[in-house]
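Try each task first, then follow the solution step by step.

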Amino acid sequence: MSEQDPPYNEMFGRGEVPRDPYQEYCKWFEAEENRRLKKKAKEAEQAFRRTGITFNVYGREEANERLIPFDIVPHILSNREWQSLSEGIEQRVRALNAFLHDIYHRQEIVRAGRIPEHMISENDAYLSKMIGVEPPGSIYTHIVGTDIVRTGENEFFVLEDNARTPSGVSYMLENRETMFEMFPELFIRNKVRPVSTYPKRLRRSLEACAPNACSGRPVIAVLTPGIHNSAYFEHAFLADEMGAELVEGHDLRVVDGRVAMRTTQGYMPVDVLYRRVDDDFLDPLNFNPDSMLGVPGIFDIYRSGGITLANAPGTGIADDKAIYSYMPDIVEFYTGEKAKLPNVPTWRCSEPDSLAYVLEHLEELVVKEVHGSGGYGMLVGPAASKKEIAAFRKKLQSKPDGYIAQPTLALSTVPIFTAKGLAPRHVDLRPFVLVSPKGVDITPGGLTRVALKKGSLVVNSSQGGGTKDTWVLES
Amino acid sequence: MMLGKTAGGLFWMCRYLERSASNARLIEAGSRMTMTRAAAEDAEWASVLESANVRHLYAERHESIDRAAVIDFLLRDKTNPSSVMSVVEAARNNARMVRVALTREVWEAVNDTWMKLKDALARQVSEKELPNVLELIRQQSAQVRGALHGTMLRNDIFNFCRIGTFLERTDNVARILDVKYYVLLPSVSMVGSTIDNYQWEAILRSAAAERSFAWLNKETGPRAIAEFLILDQRLPRSLAFCYINLARNLGYLEADYGETRPCMAMCHETLGRLTRTDIETILQGGLHEFIQSIVQANNALGLQIEKDYRFYA
């Protein structure tokens, strides 16, 4: 991970010959005409527009429906690489779930002195109303997106845990469909593990978490803030693929101790609600009273076991970047094993020694808000101007516990297809993990996000990143 | 079983789509009419605005009636909630809301319509382009209809789509008849005169019924046209046809849900008035009054359906 080395290229490694997983692909690519590929890339964009896979960018009235750019070169992992990754992810997600149960119950981890008490109790994302609440099946994190970055042949790190409402799974599915349509021949040469079963697995996993109040086949609904939400397409897509209802807050109300949806034939109870509405907006009676997106009283029904909320309220604390820095301890505490997947080394700016170090090395570090997401509000030291660094230094000094810092990793690259041929760009990978009392289920692959600008390390779609299809090979 | 909101979304998606095609036909008929008869141009455009139920709205924004301004108002004015662009956008928003109830084909057809029309209507449409744009609207509407009929399961989802379509169509056709009722009255018509032939042709054209009327081989005359557009059960845009289909689709819902709702009786009342009568009786009772009462009953039916199937509450 030395800073002088060029970033690790996943297609060619440190050499010039394609690495094993990419060999078949590269053979195919060599034989293709650039012109045909250009045409295909254009077709892909049209296909996405026709399907309506767009996302809304907040605060941009004009172009309020944008496409996330899709790159036609897949991100490929061997089965062996995937095996070790998925073992690490499973261990981590189990630990997260145990951690959440613990901090809302006996807080053994605090008693054991592994995490300072104030990190929990004073955390904005800690939901005191969840204390003592037993979610159906004891599951908090039904759906998790674990962001993985790579820096070398065998060097993988978890960059972030997304346990609140990970998004992007619809792109994982649509990217594969698009590849099937454009390059069917590739899938004859390469045996790629399927992702298309995800919606069925999601349904099965959610069904397994049905509350005791449920009788018969669980009724599942997806709760969306509505058609103006940036991820609305995904909400509709998942409901559609799962055969679930897509509801908004005003479709639901509490009827006879259950949460029920208004149908053409009256109110009908919902057993499992896959909610894509934040905790704060979920219930105006229990949380933000101004919320128009939620359902008055839903939290009381939840507490009494009348409905399953996926993910459980209060899981957001696991996304907190200060909590992230404790993940190696958390994994060890609950699983009794060392973490199989390492964290990126992290300085907690709340600790004076760390803060001093960070302030001295701002030009080299990435500094993030502990509650931030989507690539907003962060400083990428090596790419920032002197002025930006000075401004950030002030913010950091005035509220040190709002930040963590990490070394600027030399993220691996996978080539993208450009007018001039292949060009390496930084990527990360978000596998999607389903958790139920029956176990942990990880769909092979995930969503690969790619920075399209040369040298850029920011892969977020809201910041101009794109996506790639992700392949896990059978062998 | 489906969400009340979804039922409402499907209903309105189809109403809006029907309205876009109807508006395009009104513009076409008006445009054709004024090409052949320049003298009465203003009056013709005024009646087009009246038929589209936006005359007042137009008057609020424009001092005089001007061909280009009327066409622009009907095609692309965002402040006109019934302009083609407004209704196509509204149809697509509804389609997005009920995405889960639509096949991929239907959703893509609606989305494609929106994308193509957004392009075609980005700037004011010139005289030269107008026929192409109207053709595009017609084609897109056929594409959506084809996807709907070819791929959707025949269940309550489909029924709400059809109910929206026929309720809107009744309204559109009845308004055309109402605006032009005076040329269909036997007392003032001069049978065979060129003036009325143009008017009649415009009426038929507005209801996309000029070819099928010709196939009937009847003598063109106000009585025959009124009969055709109101009572002929073979014509997909006649009021009788619309109500037969409304009653049928409400009937499917009733059978499906095993429960009779008040809207059914209202529908059958109007259906009776359109099927158990003849044109003589209607003309004697007053064509204008008849059409007006159909428009009112049709509006009331829409509100009752919305209540019975819990679109909003």
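## Exercise 1: Two domains of chain B

Between domain 1 of chain B and domain 2 of chain B there are 4 salt bridges, a salt bridge being a side-chain nitrogen of Lys or Arg within 4 Å of a carboxyl oxygen of Asp or Glu. Describe how domain 1 of chain B and domain 2 of chain B meet.

Before you start, note that this is a predicted model, in which local features need pLDDT of at least 70, side-chain atom pairs count only at pLDDT 80 or more, and totals for chains, interfaces and linings use all residues. Residues are numbered from 1 along each chain as its sequence is written, chains are lettered from A and ligands numbered from 1 in the order in which they are written, and side-chain values use heavy atoms, with hydrogens and water left out.

*Solution.* 

- Step 1: find the bounds. Domain 1 of chain B covers 1–151 and domain 2 covers 154–313, as given by an automatic or database domain assignment. Their C-alpha centres are 20 Å apart.
- Step 2: look at the contact (heavy atoms within 4.5 Å). Domain 1 of chain B brings 31 residues to it and domain 2 of chain B brings 32.
- Step 3: read the buried area, which is the accessible area (1.4 Å probe) that two parts lose on being put together, summed over both. For these two domains of chain B it is about 3,000 Å², with 59% on carbon and sulfur atoms. B:Phe11, B:Glu18 and B:Arg25 supply 20% of the area that domain 1 of chain B buries against domain 2 of chain B, more than any other three residues.
- Step 4: pick out a pair. B:Arg19 and B:Glu168 join their side chains in a salt bridge at 2.6 Å, N to O.
- Step 5: name the elements, where helices (H or I, at least four residues) and strands (E, at least two) are DSSP runs, numbered from the N terminus. On the domain 1 side, helix 1 (4–36), helix 2 (41–51) and helix 7 (130–151) of chain B each supply at least two residues. Helix 1 of chain B gives the most, with 19 residues.

## Exercise 2: Chain A against chain B

Work out which parts of chain A touch chain B.

*Solution.* 

- Step 1: count the residues. Chain A and chain B each give 28 residues to the contact. The two chains bury about 2,500 Å² between them, 49% of it on carbon and sulfur atoms.
- Step 2: find the leading residues. A:Arg262, A:Thr264 and A:Gln265 supply 28% of the area that chain A buries against chain B, more than any other three residues.
- Step 3: look for charged pairs. The interface of chain A and chain B has 5 salt bridges. In one of these cross-chain pairings, A:Arg50 meets B:Glu108 at 3.4 Å, N to O.
- Step 4: list the elements. Helix 2 (34–51), helix 9 (232–242), strand 5 (245–247), strand 7 (258–263) and strand 8 (266–269) of chain A each supply at least two residues of the side that touches chain B. Helix 9 of chain A gives the most, with 4 residues.

## Exercise 3: Local details

*Solution.* 

- Step 1: A:Lys39 and A:Glu43 form a salt bridge, with their closest N and O atoms 3.7 Å apart.
- Step 2: A:Asn311 sits in the loop between strand 10 (308–310) and helix 12 (321–324) of chain A.

## Exercise 4: Confidence

Where in chain A does pLDDT stay under 50?

*Solution.* 

- Step 1: pLDDT is the predictor's confidence in each residue, from 0 to 100. Chain A averages 92, and 96% of its residues score at least 70.
- Step 2: the stretch is residues 57–63 of chain A. Where pLDDT is low, the predicted coordinates should not be read in detail.
- Step 3: for chain B, the mean pLDDT is 91. Among the elements of chain B, helix 9 has the lowest mean pLDDT (78) and helix 13 (residues 262–275) the highest (98).
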